Amino acid sequence: MSECKENGSYKGSCCCNCKHLTRVMKHPLNKGEAKGSILTVFGYACGSPSEQETKSVIFFDSEHGMCEMHETA
């Protein structure tokens, strides 16, 4: 596992190197903070195996964090 450059205390289990983390992009037709270019990152979503049955994701405003579902890409 690679160490997180933002916070080394995660011991390689940071969301930034998890295979379940996906970038969420802005869209020009959205309103508020989510409005913008589709090339701009709005946040991050985790589609971990535990969430696939409910077809939902967990939204994060940062790519750095950790949870028990971490799997290295």
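How exposed is K19, in terms of relative accessible area? In this predicted model, K19 is partly exposed, with a relative accessible area of 48%.

The protein chain has 73 residues, and buried residues make up 23% of them. Its secondary structure comes to one helix and three strands. Read from the N terminus on, these elements follow the order β-β-α-β. The accessible surface of the chain comes to about 5300 Å², and carbon and sulfur atoms account for 53% of that area. Contacts along the chain were also examined by sequence separation. Among those between residues at least 6 apart in sequence, 38% join residues at least 24 apart.

Strands of a sheet pair through backbone hydrogen bonds, in either a parallel or an antiparallel manner. Here, three strands form an open sheet with the order β1-β2-β3 and antiparallel pairing. The edge strands are β1, covering residues 21-25, and β3, covering residues 58-60; each of them pairs on one side only. On average, and with direction ignored, neighbouring strands of this sheet are turned by 35° against each other.

Each pairing can be followed bridge by bridge. Strands β1 and β2 pair in the antiparallel sense over five bridges. Strand β2, made of residues 41-46, is joined to β3 by three bridges, and these two strands also run antiparallel. The bridge partner of T22 in β2 is A45, and the bridge partner of A45 in β3 is F59.

Leaving aside neighbours within four places in sequence, F59 is in contact with V24, F42, G43, Y44 and A45. For one of these, G43, the separation was computed: the C-alpha atoms of F59 and G43 are 7.1 Å apart, while the two residues are 16 residues apart along the chain.

Attention now turns to the cysteines. A disulfide is a covalent bond between the sulfur atoms of two cysteines. How many disulfides does a search of the whole structure find? The search finds zero disulfides. C15 is in no disulfide, and its nearest cysteine sulfur, that of C67, is 5.7 Å away. C16 is in no disulfide either; for C16 the nearest cysteine sulfur is that of C14, at 3.6 Å. Both distances can be set against the cut-off, because a disulfide requires two cysteine sulfur atoms within 2.5 Å.

Is C15 buried or exposed? At 9% relative accessibility, C15 counts as buried, whereas C16, at 30%, counts as partly exposed. C15 is found in the segment before β1. Apart from neighbours within four places in sequence, C15 is in contact with L21, E63, G65 and M66. The C-alpha atoms of C15 and A45 are separated by 9.9 Å, and these residues lie 30 residues apart along the chain.

Finally, the story comes back to K19. Side chains of opposite charge can pair when their charged atoms come close. The count in this structure comes to one salt bridge, in which the side chains of K19 and E71 meet at 3.6 Å, N to O. K19 lies in the segment before β1 and E71 in the segment after β3, so the pair ties together parts that are 52 residues apart in sequence. E71 is partly exposed, with a relative accessible area of 34%, and K19 is partly exposed at 48%.

Notes:
Residues numbered from 1 in each chain as written. Predicted model: local features only at pLDDT ≥ 70, side-chain atom pairs only at ≥ 80, totals over all residues. Heavy atoms only, no water. Pairing = 2+ DSSP bridges. Helix = DSSP H or I, 4+ residues; strand = E, 2+ residues; numbered from the N terminus. Axes fitted to C-alpha atoms, helices over the stretch in contact; angles between N-to-C directions. Buried < 20%, exposed > 50% of the residue type's maximum accessible area, 1.4 Å probe, protein only. Contact = heavy atoms within 4.5 Å. Areas by Shrake-Rupley, 256 points an atom, 1.4 Å probe, with all protein chains shown as cover. Salt bridge = Lys/Arg side-chain N within 4 Å of Asp/Glu carboxyl O.
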